[in-house]
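The following paragraphs lead through one protein model.

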Amino acid sequence: MGASSSSLLDESKISYIRGRTEAELKNFSPHYRRQSCVAFFCHLKDEVEQHRAGQAQLLKQKEPPQASEVLYKDSMLYFEDNRRWKERFVVVRADYSLELHDSQESYTKGTPARHKLLPTGGAVLTSEEKYTAVVDKAFPDLNGSKEEPSVPVVAVPGPLPVYLTLPYRRDSYFCFQQEEKRARFVSILNDCVRHQNQDYLKSMACEVQAFLKAIHFYRQEKGHYESWDMLMGHDCEVLANLVMEELLPSLQTELLPKLKGKKPERKRVWFVTVEATYELVHEQLREGLESLKNECRDATKQQEALIRSDMDQIINSQTFLETKLQALASEPAMKYSSESVAPYLTSILEELMGPVSAGFQAVRLLLEDELTRVCKDFPEGGVTEELQSALQQAGRDRIEDCYQHVNVLKEQLQELRNRFKFSNSTRVVHCTQNQMQQLMENAMYTFELLLQAALKDKSDKQASVMEKAKLRVLKQFDYDSSTVRKKIFQDALVDITLPAIRRNLAPGCKTELQKFEQFIFADYTNFVQVENIYENILLNLLNNEVNKVVKEAASLKKNNLFADSTDLQCVSQSSLVDSRTPPLSAPSSPPQVLAFKQAVQKISSPSGETVSEDTHQTHETSVIPTVKITVSSPESVEPTSPLNVAESQPDVPPTLPNNSSPILEVTETDVSSTEPETIVCAEDSSSPQPETLSKVEEDDVTPVSSGQAPVPLADACETLTVEADEESKDASAPQSEIKEECVHTVQPDARLTINAEVLPDGCVEDTDVDGSVSDEIHSVDNKVCEAAPSSDEKSNETQDSPAVDASPALDSVPDGPEGGAVALTSELENHSSIENTDSPEETADSVHAIRNLIMEVIEVEDIITRPCDENQP
């Protein structure tokens with residue numbers, strides 16, 4: 001597209017363009033004013049309710065760089081306005097703008113750039129044939145003349161050209177002599193295009209959200225419900241695209257017949273005219289839009305006091321209006337969705353999932369290769385400047401190949417044009433590629449942070465620490481990749497299908513919306529808009545269908561998507577210093593706890609003797625009572641879980657505490673609560689505490705309130721000992737010792753986790769929690785807390801009671817009430833069928849010693865697991 005200053009715009013045409021621009025801005029302004037108030041109210045509401053936007057990820061994200069920071073700089077040939085090639089020094093800033101300087105010397109001296117280029121909406125091409133085809137397609141040739149093949153727009157002086165096409169603006173041309181330099185420039189130029197297109201639209205600022213909603217409703221007012229492919233760039237650029245979309249048809253009708261000469265000359269003049277029109281529109285909109293935004297800022301500040309004082313009444317008004325609109329929109333929306341949208345969601349998801357997953361898998365392989373290379377190149381020494389520079393540059397030259405896997409979506413999604421009129425596949429591609437780039441940068445930054453933290457403690461084990469950090473980062477990348485991909489799928493499915501629902505319901509519902517404005521209090525009409533609530537109803541209905549499809553896809557292993565879990569947020573807190581971390585732990589492996597390792601390796605021999613791995617000594621096994629944990633529940637006295645085995649052991653019936661609230665019994669394998677709790681039990685050798693049998697009967701059930709103040713975990717770890725005094729003549733007979741160390745963490749969603757920040761060093765061997773599966777942890781905790789019974793007890797237990805699964809699904813466990821009482825009961829399992837040489841008094845003493853000493857630990861318990869704040873968004 002030519003570089004001449006000539007155009008077909010005269011004074012009358014300039015006045016016409018200014019008038020049309022002013023009219024468009026005037027029609028758009030009421031939408032923006034309404035949405036500005038609504039967005040400001042939503043912002044204050046989220047501030048009061050402390051809502052957090054976004055999703056938690058395991059990988060750490062670096063703070064965004066300053067806009068002036070330099071991402072790229074190099075010298076290259078550039079095609080100037082005077083149609084001559086000049087060598088220019090190109091600098092790319094962190095705001096993804098391009099600066100063209102006369103030379104590197106002038107840039108070093110701080111001389112202002114000759115040109116500044118914002119490649120919003122651009123396309124990067126490296127083939128002259130493809131560029132010529134794009135130019136011909138953009139030129140509306142009314143004559144339809146069949147001329148000889150188009151001559152090149154510009155004569156390229158070198159073998160490696162780069163073409164940057166821009167909508168409504170002059171194209172830019174670059175030329176290189178080396179392929180490596182061109183590949184690097186193409187990669188950074190594509191980054192600039194993607195980020196210039198999407199970064200502003202992702203902002204959650206009030207003004208941005210208000211502008212996007214206003215554009216949405218303004219286009220709907222004109223009958224445009226589909227996803228708009230020119231929704232890119234900053235607010236002024238988006239609004240200029242909207243005005244140009246309205247202006248171009250009339251300009252083509254009036255000006256194209258006046259073009260004279262051959263086709264190349266006609267194209268050059270036409271493109272110059274379009275550029276001049278865009279500059280006029282953009283300049284006028286920039287002034288008018290800034291004035292409109294200032295006006296809305298002042299208005300919202302004046303209304304802030306009213307919003308804060310009447311927040312509850314405004315929310316109630318919204319809820320009441322939503323109830324009324326549900327009756328209007330829900331039934332037709334659900335009917336159309338079930339017939340014309342839901343049946344196609346799975347097939348659309350399959351089209352999306354292949355290229356997107358392939359792209360993220362390619363990034364994962366690239367990440368692994370780059371981390372391996374870094375580990376080899378820096379085998380010794382700390383986190384130096386050379387290592388940091390290597391991490392920042394890692395993968396930048398090769399990630400462009402990963403993006404190619406996603407580019408095929410532009411062709412695959414073209415089939416959706418006929419059914420859903422979807423033509424914005426470029427937005428899906430660019431958003432996906434931006435997420436791939438962000439995850440790669442997050443992984444490198446997390447690797448650097450892990451090395452810095454670990455090498456402070458073990459600087460002499462650089463190679464081992466780097467290998468552990470690499471494995472940790474790869475596992476965290478897998479989880480974040482799954483989270484991001486599911487979000488991409490959800491947004492894309494909504495973006496594709498929601499316009500069809502809007503379009504179908506518009507004839508019957510849009511005309512009825514004005515009748516519902518009477519249900520809004522006059523003082524709250526600025527903050528409660530009928531059209532916003534109507535849109536939210538449609539969006540929520542569609543989201544329910546989309547979430548079902550995405551969750552079903554996540555349940556299939558072939559898609560490599562993890563199930564939703566909140567237990568994985570503490571993975572990044574694990575230590576890399578522990579040399580006992582398994583080098584190749586699977587993603588589904590639970591954390592390894594020292595107590596679990598000790599407990600599960602105790603072997604019960606057929607002769608009734610227990611061999612402890614710690615001492616390698618044989619001890620005579622005494623009767624070990626079963627310890628149960630019961631959680632009070634006001635809903636039901638009868639246990640609903642099939643895991644409850646209390647009914648099969650009636651010897652020591654539980655009793656209710658003084659209050660009238662019933663108690664729901666839960667065995668060791670069944671622990672739940674509505675708030676995070678931590679139960680820690682540790683037993684070691686110490687002096688026994690004898691008690692009388694009458695005291696045992698009085699304290700069968702001891703309630704423990706969970707409302708006590710939290711106590712540090714190290715203080716809660718006590719030493720408990722159970723020694724069975726025998727009336728044997730041999731005073732030197734070995735006594736029975738039980739070593740247990742249990743850590744129970746109960747999350748609100750009934751999952752059991754281990755928080756690495758809470759556990760002391762002596763309690764945890766390794767906390768390498770995987771990002772994919774964490775709901776197996778409850779089985780680990782349960783096995784730790786089981787005391788090893790004798791073989792006779794096991795046989796009797798098998799005969800008299802049904803088999804109990806030690807790791808049940810937590811969905812079947814009823815939640816106890818918040819702050820519910822916890823009671824412990826202990827009894828001898830089927831003691832009537834067990835031959836025991838101890839007297840009843842001695843056995844009762846042993847039973848009571850266990851219960852009382854464990855109670856001392858649990859009474860100072862209820863440590864609330866601290867959430868991983870730094871992993872929250």
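This is a predicted model: local features need pLDDT of at least 70, side-chain atom pairs count only at pLDDT 80 or more; totals for chains, interfaces and linings use all residues.

Tyr72, Tyr78, Phe174, Phe176 and Phe185 together make up one aromatic cluster. Across the structure, the count of aromatic pairs comes to 20. In one of them, Tyr72 with Phe185, the ring centres lie 5.9 Å apart and the planes meet at 45°; the pair is therefore tilted, since planes under 30 degrees apart would count as stacked and those over 60 as edge-to-face. Tyr72 belongs to strand S1 (residues 70-79) and Phe185 to helix H4 (residues 179-198), so their pairing ties together parts that are 113 residues apart in sequence.

How many of the residues of S7 are buried? The number is 5 of the 5, so S7 is largely enclosed by the rest of the structure. The cover extends to both faces of the strand: Ser172, Phe174 and Phe176 are buried on one side, and Tyr173 and Cys175 are buried on the other.

S1 and S7 pair in the antiparallel sense over 2 bridges, and Tyr78 stands opposite Phe174 in S7. Strand S6 (residues 160-165) runs antiparallel to S7 and is joined to it by 5 bridges. Here Pro161 stands opposite Cys175 in S7. S6 and S7 form a hairpin with 6 residues between them, and in the turn Tyr168 has a positive phi of about 65°.

Most residues other than glycine have a negative phi. Tyr96, in the loop between strand S2 (85-93) and strand S3 (98-101), has a phi near 65°, a positive value in a residue other than glycine. Lys421, located in the loop between helix H12 (416-420) and helix H13 (425-455), has a positive phi of about 55° although it is not a glycine. Are these two residues buried or partly exposed? Tyr96 counts as buried at 13% relative accessibility, because the limit for a buried residue is under 20%. Lys421, at 48%, counts as partly exposed.

Arg194 lies over the face of Tyr403, at 4.5 Å from the ring centre. Leu212 has its place in helix H5 (residues 206-221), where it touches Leu201 and Leu231, residues up to four places away in sequence not being counted. Leu212 and Asp235 are 23 residues apart in sequence, and their C-alpha atoms are 8.3 Å apart in space. Ser337 is found in helix H8 (residues 311-377) and is buried, with a relative accessible area of 7%. Leaving aside residues up to four places away in sequence, Ser337 touches Ala342, Pro343, Ile501 and Glu545.

As for the cysteines, a search of the whole structure finds 0 disulfides. Cys375 is buried, with a relative accessible area of 17%, whereas Cys431 counts as partly exposed at 23%. The limit of under 20% for a buried residue is the reason why these two values fall into separate classes.

The totals for the protein chain place these details in context. Its secondary structure comes to 21 helices and 17 strands. Of its 873 residues, 50% count as buried. Among the contacts in the protein chain with a separation of 6 or more, 82% are accounted for by residues 24 or more positions apart. The accessible surface of the chain comes to about 41700 Å², and carbon and sulfur atoms account for 50% of this area.

Technical notes
Residues are numbered from 1 along each chain as its sequence is written. Side-chain values use heavy atoms; hydrogens and water are left out. Rings of Phe, Tyr and Trp (its six-membered ring) pair if their centres lie within 6.5 Å; planes under 30 degrees apart count as stacked, over 60 as edge-to-face and the rest as tilted. Helices (H or I, at least four residues) and strands (E, at least two) are DSSP runs, numbered from the N terminus. A charge sits over a ring if NZ of Lys or CZ of Arg is within 6 Å of the ring centre and within 35 degrees of the ring normal. Buried means under 20% relative accessible area, exposed over 50%, partly exposed in between (1.4 Å probe, protein chains only). Contact means heavy atoms within 4.5 Å. Accessible areas come from the Shrake-Rupley method with a 1.4 Å probe; for residues, only the protein chains shown count as cover. Two strands pair if DSSP finds at least two bridges between them. A disulfide is a pair of cysteine sulfur atoms within 2.5 Å.
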